[in-house]
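Load the model in a viewer and keep the selection panel open. The stops below are meant to be taken in order.

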Amino acid sequence: MAPKKLNSESSNPEDVVRRYLNYLSDPSSVIDHDRVNEVQEQLSSTDDQIERLRLESELDRAQSTDGEAIAQSFISVAKAFADSEHITAGAFRRQGVPSEVLSLAGFDVRAAKSAKAPTVRSQRVNAATVSTHVLGRSGEWTYNDIESTTGASIGTVRKVVDELVASNKVKSLGADPNHASRGRAPNLFTTA
């Protein structure tokens, strides 16, 4: 069966859950390729420099993935969807949904952890997946935010983010000024 084409603005809970799960397995899968092609065609047919700037900016937006917005949409519908479909938190976890996201969605992740099958090695997340996620993210974030939303190891996250900082695609904002817990404040980052 061919994957269902999803409208990025869909409010159907099943579509929202499917979009998030697709995003987790392949962040580039949520890019609207029809819109990218449309903007590229418009770009190739104009000579106006200001219009080209507008279209280049639109192309950047169309090619990016806003992982945070996709996760927030999932969080807002996941619990009600799961209850109506009799889907457990453990099933979501085995599909790669981080415990933190499930907790924010209203699941009791302690029960999900104790009820799950024997530990299975988590799926590997490569650097390209982390990079795509980071570049599609908006707002400020930390290494741990990326680790928890992608499922990648902290080492992979640090390596990717540090490379993106070095290439000026991500900006380091320094230590979190609002950190109130024990220990050293985490570094904040944002896309450049």
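The tour goes from a cavity to a helix pair and then to a salt bridge.

This is a predicted model, in which local features need pLDDT of at least 70 and side-chain atom pairs count only at pLDDT 80 or more, while totals for chains, interfaces and linings use all residues. Residues are numbered from 1 along each chain as its sequence is written, and side-chain values use heavy atoms, with hydrogens and water left out.

**Cavity.** Select Tyr23, Leu24, Pro27, Thr129, His133, Thr149 and Thr150, the lining of the largest cavity. Helix 1 (13–25), helix 8 (127–135) and helix 9 (143–150) each give two or more residues to this lining. The volume is about 40 Å³. A cavity is a set of points on a 1 Å grid over the protein atoms alone where a 1.4 Å probe fits but cannot get out, and lining residues have an atom within 4 Å of a point. Grid points are joined across faces, edges and corners, and the volume is the space filled by probe spheres set on the points. Helices are DSSP runs (H or I, at least four residues), numbered from the N terminus.

**Helix pair.** Next show helix 8 and helix 9, whose axes come within 11 Å and cross at roughly 115°. Axes are lines fitted to C-alpha atoms over the stretch in contact, with angles from 0 to 180 degrees between N-to-C directions. Select Val130, His133 and Val134 of helix 8 with Ile146, Thr149 and Thr150 of helix 9 to see the contact (heavy atoms within 4.5 Å).

**Salt bridge.** Finally, select Arg35 and Glu38, whose side chains form a salt bridge at 2.7 Å, N to O (a side-chain nitrogen of Lys or Arg within 4 Å of a carboxyl oxygen of Asp or Glu). Both residues lie in helix 2 (residues 33–44), three residues apart.

Note on methods:
1 Å grid on protein atoms, 1.4 Å probe; cavity = no way out; pocket = protein on both sides within 12 Å on 5 of 7 lines; lining within 4 Å.
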